[in-house]
Amino acid sequence: MAGRKWGGTLLWRGVASITVFLVFWEIGSLSKVWLKWETFAWLKEMLVSIGWTKNYLPWIGAVPAPTEVLLAWGKVIDDVGYWHSWYMSCLRVLGGFIAAMVIGIPFGLLLAVNRTAFGIGFPVFEVLRPIPPLAWVPASIIFWPTQELSIAFVTFLGAFYTIVINVIGGARSIDTRYFQAAQSMGSSSWDIFRRIILPGTLPSIVVGSAVGMGITWEVVVAAEMISGGGSQIGGTSGGGLGFFIWNSYVGGSYEQIVVGMISIGIAGFISSELLRTLGHRVTPWLRLR
Amino acid sequence: MPSATAVTRGAIKIDDVVKIYDPEGAAVMAVDHCSLDIAAGEICMIVGPSGCGKTTLLNAIAGFHEITSGRILLDGEVLCSTEKPKAEPGSDRIVVFQNGALFPWKTNLENVAFGPIMQGKLSRVEAHEKALSMMADAGLSGVEHNYPGEVSSGMRRRVEIVRALMNDPKVLLLDEPYRALDSLTKSVMHEALLEIYYRNKVTIFFITHDLEEAIFLGHKVAIMTTRPCKPKKVLEVDIPHPRDYSVLTSKRFRELIEETNEAVHEEALKAFAAGEKEG
């Protein structure tokens with residue numbers, strides 16, 4: 001990924017693709033208006049005659065149209081509860097993600113440079129890694145004293161494994177010649193760690209963080225759906241975008257479900273872009289390739 | 001070799017060195033009772049087929065790998081021997097690697113200034129000053145603040161050689177540094193290397209499989225046998241330094257090529273027959 005700039009052709013292509021997507025979606029959703037189910041009565045009869053009694057097929061007409069979603073959005077845009085959901089989710093993502101970086105990077109580096117630490121730490125890590133973060137939800141609700149901490153913990157797990165694996169892989173793949181050259185030129189172990197291993201691992205840290213950030217959003221939303229609770233539209237406690245969606249579903253406000261989904265998409269996009277920009281800034285030598 | 005006499009340090013003595021690789025009991029002899037003397041300030045070219053064990057020898061001098069027996073001396077001091085099989089890597093012996101080992105995350109200037117800062121010989125500011133002037137001398141003005149990835153591969157090799165020289169080494173160990181370069185760039189690099197050499201006389205241990213390169217650059221050319229590696233023929237090149245590209249068309253140069261070509265070709269055939277892989 002070279003240093004990508006939003007602007008010019010790329011921006012227009014992005015706008016165009018999103019517009020086309022929205023148009024298709026609108027047309028599809030409106031099919032419930034212009035495409036009457038009765039038109040296909042003969043088809044239905046035929047299906048029933050062969051034992052088809054239920055409507056098994058998905059129908060895009062069941063999904064609210066973008067215009068309806070936009071209207072619903074207009075209703076919640078000045079709602080404190082909606083923005084509080086944003087705030088809560090962002091806070092959880094940020095908390096979990098930063099914790100994963102702060103713990104994951106040194107942990108990964110330690111495992112990468114120290115054989116003993118690797119021998120002790122890696123097997124445990126590898127056994128725990130395949131467990132999906134969401135499988136931790138019940139255990140973490142029991143373990144952590146508050147619901148907030150249990151969500152943060154699950155969010156942390158989402159990013160932690162990816163960051164650690166990337167750090168280990170990155171540090172291991174540094175060319176031996178760099179170590180030999182640095183050693184010949186009189187570098188101490190600490191110099192080698194600081195000036196070779198750290199910058200050499202940085203690109204992998206950036207990649208691991210970007211992937212980890214994505215997983216963090218996936219996890220936080222699911223965790224909020226399962227254990228979030230508390231917040232309603234207009235309320236200001238608990239919540240989060242995951243709960244916002246769940247609450248909308250329970251309340252039968254289907255447009256609002258999509259509002260929540262798109263909100264997550266936007267939030268995820270913004271965090272990825274921020275991370276990418278930051279990543280480019282800390283690895284300037286990669287811009288040139 | 002009048003130019004080499006002025007240098008008083010950097011004499012290498014390779015004395016009966018054996019290196020046996022022993023991966024899972026299948027002993028492979030890489031270097032077989034190899035002896036070679038390199039005078040201080042001499043350019044010694046090591047010529048041999050790919051995979052013959054030349055690099056093993058270089059790694060032993062640099063202190064990256066152990067030897068099995070024998071000893072290697074630098075200015076009379078034992079670097080490694082049967083008793084102490086691995087030499088300490090040090091700034092008196094700097095390697096310029098086959099595919100280059102400039103740190104990609106440092107600018108060319110930071111790369112060049114790296115050694116003296118690490119050794120605590122110069123402050124950061126002093127090291128940068130010295131690096132700037134050495135880079136200017138080597139025709140590298142203008143790329144100081146670029147990353148290695150931003151300049152051509154020929155340029156990168158030159159930066160790496162300057163980086164090596166910044167450590168004020170006794171010996172420069174070059175492991176086929178120009179292998180990946182096209183022949184035009186290569187010819188420019190040869191003259192550039194000689195120019196740098198005339199300005200900073202050091203002993204050069206230069207591995208190559210290009211006979212013309214070897215005779216053009218070297219005071220001494222050691223043609224190695226294919227695995228296990230030892231000198232098959234050592235040639236003193238009596239073409240006076242300083243040399244430039246006109247040497248390539250001289251009668252003496254052609255004669256020396258003819259004299260040695262057969263020995264090199266013989267070993268290449270052997271290596272080919274033995275199915276030696278590149279590298």
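Let me start with one term: a residue counts as buried when its relative accessible area is under 20%. Keep that cut-off in mind. One caution as well: this is a predicted model.

Today is about aromatic rings. Over all chains, the structure holds 27 aromatic pairs. Take one of them, Tyr82(A) with Trp83(A). Their ring centres lie 4.9 Å apart, with 65° between the planes. That makes the pair edge-to-face.

Now, how accessible are these two? Tyr82(A) has 1% relative accessibility, so Tyr82(A) is buried. Trp83(A) has a relative accessible area of 40% and is partly exposed.

On to chain B. Which geometry do Phe103(B) and Phe114(B) show? The centres are 4.9 Å apart and the planes stand at 65°. Planes over 60 degrees apart count as edge-to-face, so Phe103(B) and Phe114(B) are an edge-to-face pair. Where do they sit? Phe103(B) is in the loop between strand 6 (93-96) and helix 2 (108-118) of chain B. Phe114(B) belongs to helix 2 itself.

One aromatic cluster includes Phe107(A), Phe118(A), Trp136(A), Trp144(A) and Tyr161(A). The charged end of Arg172(A) sits over the Phe118(A) ring, 4.3 Å from the ring centre.

Last stop, chain B again. Here Lys19(B) lies over the face of Tyr21(B), 4.8 Å from the centre of that ring.

Notes
Residues numbered from 1 in each chain as written. Chains lettered and ligands numbered in written order. Predicted model: local features only at pLDDT ≥ 70, side-chain atom pairs only at ≥ 80, totals over all residues. Heavy atoms only, no water. Phe/Tyr/Trp six-rings, centres within 6.5 Å; stacked < 30°, edge-to-face > 60°. Buried < 20%, exposed > 50% of the residue type's maximum accessible area, 1.4 Å probe, protein only. Helix = DSSP H or I, 4+ residues; strand = E, 2+ residues; numbered from the N terminus. Lys NZ or Arg CZ within 6 Å of the ring centre and 35° of its normal.
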